[in-house]
Amino acid sequence: MASEQKSVGSELKLFTSNSMRGPLEPLKPEFERASGCKLVVSFDPAQIMLRRIAAGESADVAILGKAAIDSLAEQGKIDGESRRTLARVGVGIAVRSGAPKPDIGSVDALKRALLEAKSITYTTEGASGLYFAGLIERLGIADQIKAKARTQPGGLTAELVANGEVELAVQQVPELLAVRGVELVGSLPQQVQNVSVVTA
């Protein structure tokens with residue numbers, strides 16, 4: 001990743017995971033006005049972003065999970081001294097605005113809510129989706145959930161809920177909050193929560 005200072009009127013290229021989509025949308029125009037620099041943002045799950053970088057794509061700044069950033073630093077793709085922790089984000093569940101919110105306040109309640117849902121969506125390559133796939137295995141409900149799941153490699157799963165295509169979306173909380181037309185049910189219970197460290 002380039003480390004030289006950008007001049008006014010230039011372009012700044014940013015690679016980031018979808019967890020930053022919500023915060024970046026209002027900040028992007030403010031940053032561009034204040035800096036005179038156009039911000040070109042590319043969103044993808046960390047695993048896809050790492051493959052893109054390995055294939056030769058580059059950016060000036062990367063905001064990804066800590067493990068992905070550490071991997072890029074080890075490969076010499078980024079300046080390891082420039083790493084900064086931005087946020088810690090957990091996994092949550094969302095429903096369409098106005099829909100009943102299931103109880104997910106305990107592990108048993110979460111398991112029941114997942115089994116009773118008509119349909120569920122999660123990513124196959126995002127941090128939350130990879131974690132969720134392992135969680136449903138540990139809970140012993142993987143077969144039932146996979147049978148009614150609508151998965152996608154990345155992107156904002158809650159968009160399917162907002163459109164009425166799926167009942168529950170499972171993803172990192174900031175990604176759920178970035179979608180209009182859905183409401184956050186809550187975060188996964190602490191005993192089965194997975195907190196990701198977002199690093200720039």
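Here, a residue counts as buried when its relative accessible area is under 20%, as exposed when that area is over 50%, and as partly exposed in between. The legends below describe a predicted model, in which a search of the whole structure finds nine salt bridges.

**View 1. Lys 28 and Glu 32 are joined by a salt bridge.** In this pair the N to O distance between the two side chains is 3.1 Å. Both residues belong to helix α1, which covers residues 21-35, and because they are four residues apart there, about one helical turn separates them. Glu 32 has a relative accessible area of 23% and is therefore partly exposed, while Lys 28, at 28% relative accessibility, also counts as partly exposed.

**View 2. Asp 44 and Arg 52 form a salt bridge.** The closest N and O atoms of this pair lie 2.9 Å apart. Asp 44 has a relative accessibility of 18%, so this residue counts as buried, and Arg 52, likewise at 18%, counts as buried too.

**View 3. Arg 52 also meets the side chain of Glu 57 in a salt bridge.** For Glu 57 and Arg 52 the distance from N to O is 2.9 Å. Glu 57 is partly exposed, since its relative accessible area is 33%. Through salt bridges that share partners, Asp 44, Arg 52 and Glu 57 are joined into one network.

As background to these views, side chains of opposite charge can pair when their charged atoms come close.

Technical notes
Residues numbered from 1 in each chain as written. Predicted model: local features only at pLDDT ≥ 70, side-chain atom pairs only at ≥ 80, totals over all residues. Heavy atoms only, no water. Salt bridge = Lys/Arg side-chain N within 4 Å of Asp/Glu carboxyl O. Helix = DSSP H or I, 4+ residues; strand = E, 2+ residues; numbered from the N terminus. Buried < 20%, exposed > 50% of the residue type's maximum accessible area, 1.4 Å probe, protein only.
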